[in-house]
Amino acid sequence: MTWKSRLPLVVESAIPLSLCGALMDHVKNHTAHPRTYQGVIDESLRKSEYVEIPTHLQEAVIAHCAAHVRSHFEIAPKRIPTQPAVVYRYGPGVGFVAHHDEVTDIERERARTNGQPVVGGDLTLVVWLNTPDSYGGGELFFENPAQEIKPPGGTLVAFPATRDHIHGVRPITRGERVTLVVRVDAECL
């Protein structure tokens, strides 16, 4: 089995709550921007905002997650220096429809004119920054096999950024769901 066909990895307490706090502080002190889906802002498909994260915080997250990723996927996660990690803030609304994380040509082309970051890479790392009781709904779901996840802060969910890993965010009914998304490349061990 190759790393691309592995099921999602879920690790509670993968990053310390102090790092979650530092990321949340960064988000509070910076302006959030509306996030697109395939380069278009459409709140019927995705209702979220994003804040880019500085390199030192991104590197700290990857360092805490690396051993878990190596063990589960049998690859070494490698930071992509040309793209930022982003924190997504989902308020009440649709969440994010089912999709895959493989970057498309349409997304790349639209990013040239709309200023949105293209977040590509081999593997998606999602880290929850707030607690599940601070928002309603907002579960991360996978279609095949069916799975729903609404973990505590500091939890890592990692999965291949391929068309085979269809996932989304259930509608948010109250509060705000805050997650960090880092894409990394896979380096064979």
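Reply: Axes are lines fitted to C-alpha atoms, for helices over the stretch in contact, and angles run from 0 to 180 degrees between N-to-C directions. Helices (H or I, at least four residues) and strands (E, at least two) are DSSP runs, numbered from the N terminus. This is a predicted model, in which local features need pLDDT of at least 70 and side-chain atom pairs count only at pLDDT 80 or more, while totals for chains, interfaces and linings use all residues. Residues are numbered from 1 along each chain as its sequence is written, and side-chain values use heavy atoms, with hydrogens and water left out.

The axes of H1 and H2 come within 11 Å and cross at roughly 155°. Angles under 35 degrees count as roughly parallel, over 145 as roughly antiparallel, 65 to 115 as roughly perpendicular and the rest as oblique; H1 and H2 are therefore roughly antiparallel to each other. In their contact (heavy atoms within 4.5 Å), H1 contributes Leu19, Ala22, Leu23 and His26, and H2 contributes Leu57, Ala60, Val61 and His64.

A nonpolar core is a set of buried Ala, Val, Leu, Ile, Met, Phe, Trp, Tyr and Cys residues joined through side-chain atoms within 4.5 Å, where buried means under 20% relative accessible area, exposed over 50% and partly exposed in between (1.4 Å probe, protein chains only). The largest such core has 32 residues, and Ile15, Leu23, Val61, Leu129, Leu156 and Leu180 touch the most other members. Among the elements giving two or more residues to this core are H1 (17-28) and H2 (55-73), and H2 supplies the largest share, six residues. Leaving aside residues up to four places away in sequence, Ile15 touches Cys20, Leu23, Val61, His64, Cys65, Val127, Leu129 and Gly154.
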